[in-house]
Amino acid sequence: MTKSKVNIIMFTIIFTSMLISVLTNGFLVFQGIQYAVKICLETMIPSLYAMMILSELFISCGFHNTLGKVLKIPAKYIFKSNGQILTIFLFSQIAGYPIGTKMITNMNENGKLTKKQASILSGVCFGSGPAFIVSLFENKKEDAAAVFLAGLLSNLIIFTIVSRFMHIQPESDVSNAHKPIHISTMITDAAVKSGKALFKICAMIIMFGGILGLKELSFLRTITKYKYSDIIFSTLEVSRITSIFPYLREMLPFIGAVLSFGGICVLMQISAVSKDKINISYIFFIRIIAAIITWLLLYLREIFIPIQTETTAVIYNESNNLNIETFSPIPSILLLIMTFMLLISTDRKTKNCRK
């Protein structure tokens, strides 16, 4: 049996099972999609859209070529790479998951990288970005910084190793000429392209949301009761990690590992962005290694730099109680009563003045 026939049979089985599940458990799919839409509106769009616009401007203006010349010497002697690759690597750590692959794919299309080189670098030029991480952790800035730095360090370790074995050719001295573009046109195009890319990301998140809604089926509930079930489901779609918050301290290394891995949904998005110009299996393997390193770094942090103590836990719980009281409906009700009383008083004064 050929590989193509095996793929067709597997797809048919999966499609049939999903069709039956949707027809018989439509409400669970509805709930999963509803939750995914909420994640897109409250987390993904606010945290990613601005950075994606800046990323588009970064690429369209050719800043990666200019900064590549600046970083040419450290890239050559420290990483055995070229300045443009080092620039893309550094920028991908703050830009978000698909941006690094998009820039690497452009270099592959221009003949500067082979398919194997582009595939390996796409696995390293990969990061959730600080905007998304900060939006997850909100007031816990120390944990957000720790997760971001652990992911960055794991990528840096792998990049340092793989770049020494790929023998990437240095940049040519010929500068890439860019046609002058009006600034308003450039910003508009960046906003539109980012909107389309973000729409694709949200569409994938919503699709996986519907699939993950089926986890409430009776024969799957034993899995959902498992302590690390949310971590497991987050490896399919990374935005589902929001269901873990608020989290226990022991969960932080696993949260960092999932964010470093990115999830199957992100890998599918990267495969779509690359248009089959890279081998996704390289990225999958590299991200597993990066997730392990990230977990180890955060685990060592919890051992050698313990932050959460009983005293801080009490303070944190008290602060949460204060926040809950702050959002109590009582102040709003009192404000309405006072406003109503003020209107009555004003109306009486107006009638007295007329008399």
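Q: What does "buried" mean for a residue in this predicted model?
A: Buried means under 20% relative accessible area.

Q: Why is Cys-125 called buried?
A: Cys-125 has 0% relative accessibility. The cut-off is under 20%, so Cys-125 counts as buried.

Q: What makes Cys-40 count as buried?
A: Its relative accessibility is 4%. That value is under 20%, so Cys-40 is buried.

Q: How many disulfides does a search of the whole structure find?
A: It finds zero.

Q: Why is Cys-40 in no disulfide?
A: A disulfide needs two cysteine sulfur atoms within 2.5 Å. The nearest cysteine sulfur to Cys-40 belongs to Cys-202, 3.5 Å away. That distance is not within 2.5 Å, so the pair is not a disulfide.

Q: Is Glu-56 buried or exposed, and why?
A: Glu-56 has a relative accessible area of 10%. This is under 20%, so Glu-56 is buried. Glu-56 lies in helix α2, residues 26-60.

Q: What makes the link between the side chains of Glu-56 and Lys-102 a polar contact?
A: The distance is 2.5 Å. The cut-off for a pair of N or O atoms is within 3.5 Å, so the pair qualifies. Beyond its neighbours within four places in sequence, Glu-56 is also in contact with Ala-190, Lys-193 and Ser-194.

Q: Why is Leu-296 called partly exposed?
A: Leu-296 has a relative accessible area of 42%. Buried is under 20% and exposed is over 50%, so 42% falls in between. Leu-296 lies in helix α15, residues 280-304.

Conventions:
Residues are numbered from 1 along each chain as its sequence is written. This is a predicted model: local features need pLDDT of at least 70, side-chain atom pairs count only at pLDDT 80 or more; totals for chains, interfaces and linings use all residues. Side-chain values use heavy atoms; hydrogens and water are left out. Helices (H or I, at least four residues) and strands (E, at least two) are DSSP runs, numbered from the N terminus. Buried means under 20% relative accessible area, exposed over 50%, partly exposed in between (1.4 Å probe, protein chains only). A polar contact is a pair of N or O atoms within 3.5 Å; within protein, one must be able to donate a hydrogen and the other to accept it, and residues adjacent in sequence count only if both atoms are side-chain atoms. Contact means heavy atoms within 4.5 Å.
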